[in-house]
Amino acid sequence: LDLESDEQNMLEQAVFASGEETQATDSLQPEVDKNTTDIPANRAAAFKFAVGAPIECRFDQGDDYFEGVIEAHNVDRGTYRVKYDDDDEESDVEESMIRARGGS
């Protein structure tokens, strides 16, 4: 009799029956917060710019670039959250609006 396996099955059934995700499910499968960088490596590889990377970005899809950093990845949309050096923030920024700092 494998107690660990039985406990795991009971936990899976309890989580499934409740319809809620809890911290206890971490041992079953890592939760992914789709609005942060806590994403599997294979999905993170799809992003050209890493979280914390110094970048220049076209604020609100304008023509001018402003300096900032990548604050987070949005896995669902394949976009970025950018925090500008003047403390403005912008969500759902497409990669085409971003370039490496000092780029042209």
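**Starting point.** Arg 101 sits in the segment after strand 5.

**Ground rules.** This is a predicted model, so I note that local features need pLDDT of at least 70 and side-chain atom pairs count only at pLDDT 80 or more, while totals for chains, interfaces and linings use all residues. Residues are numbered from 1 along each chain as its sequence is written, and side-chain values use heavy atoms, with hydrogens and water left out.

**Around Arg 101.** What does Arg 101 touch, not counting residues up to four places away in sequence? I found Pro 54, Ile 55, Glu 56, Glu 67, Gly 68, Val 69 and Asp 85 (contact means heavy atoms within 4.5 Å). Pro 54 is 47 residues from Arg 101 in sequence, yet their C-alpha atoms are 5.7 Å apart in space. With Asp 85, Arg 101 makes a side-chain polar contact of 3.4 Å. For that term I jotted down: a pair of N or O atoms within 3.5 Å; within protein, one must be able to donate a hydrogen and the other to accept it, and residues adjacent in sequence count only if both atoms are side-chain atoms.

**The sheet.** Next I traced the strands (DSSP runs of E, at least two residues; helices are runs of H or I, at least four residues; both numbered from the N terminus). Five strands make an open sheet in the order 4-3-2-1-5, with antiparallel pairing; two strands pair if DSSP finds at least two bridges between them. Strand 4 (89–93) and strand 5 (98–100) are the edges, each pairing on one side only. On average, neighbouring strands of this sheet are turned by 40° against each other, direction ignored (axes are lines fitted to C-alpha atoms, for helices over the stretch in contact, and angles run from 0 to 180 degrees between N-to-C directions).

- Strand 3 and strand 4 run antiparallel and are joined by three bridges; Val 82 has Glu 90 in strand 4 as its bridge partner. Their hairpin has four residues between the strands, and Asp 87 takes a positive phi near 80° there.
- Strand 2 and strand 3 are antiparallel too, with six bridges, and Asn 74 is partnered by Thr 79 in strand 3. This hairpin has four residues between the strands, with Gly 78 at a positive phi near 70°.
- Strand 1 and strand 2 share five bridges, again antiparallel; Arg 58 stands opposite Tyr 65 in strand 2. Six residues lie between them in the hairpin, and Asp 60 in the turn has a positive phi of about 55°.
- Strand 1 and strand 5 are antiparallel with three bridges. Glu 56 has Arg 99 as its partner in strand 5, and Cys 57 stands opposite Ile 98.

**Arg 99 again.** Where does Arg 99 lie relative to Tyr 65? I see it over the face of the ring, 3.6 Å from the ring centre (a charge sits over a ring if NZ of Lys or CZ of Arg is within 6 Å of the ring centre and within 35 degrees of the ring normal).

**The rings.** Rings of Phe, Tyr and Trp (its six-membered ring) pair if their centres lie within 6.5 Å; planes under 30 degrees apart count as stacked, over 60 as edge-to-face and the rest as tilted. I get three aromatic pairs by this rule. Phe 47 and Tyr 80 form an edge-to-face one, 5.3 Å centre to centre with 80° between the planes. Phe 47 is in the loop between helix 2 (41–44) and strand 1 (54–58) and Tyr 80 is in strand 3 (residues 79–84), so this pair ties together parts 33 residues apart in sequence. Phe 47 is buried at 12% relative accessible area, and Tyr 80 is buried at 1%.

Phe 49 and Tyr 80 have ring centres 6.0 Å apart and planes at 65°, so I logged this pair as edge-to-face. Phe 49 is buried, as is Tyr 80. Ring pairs link Phe 47, Phe 49 and Tyr 80 into a cluster.

**Last entry.** The His 73 side chain reaches the backbone oxygen of Phe 49 at 2.8 Å.

Definitions and conventions: Buried < 20%, exposed > 50% of the residue type's maximum accessible area, 1.4 Å probe, protein only.
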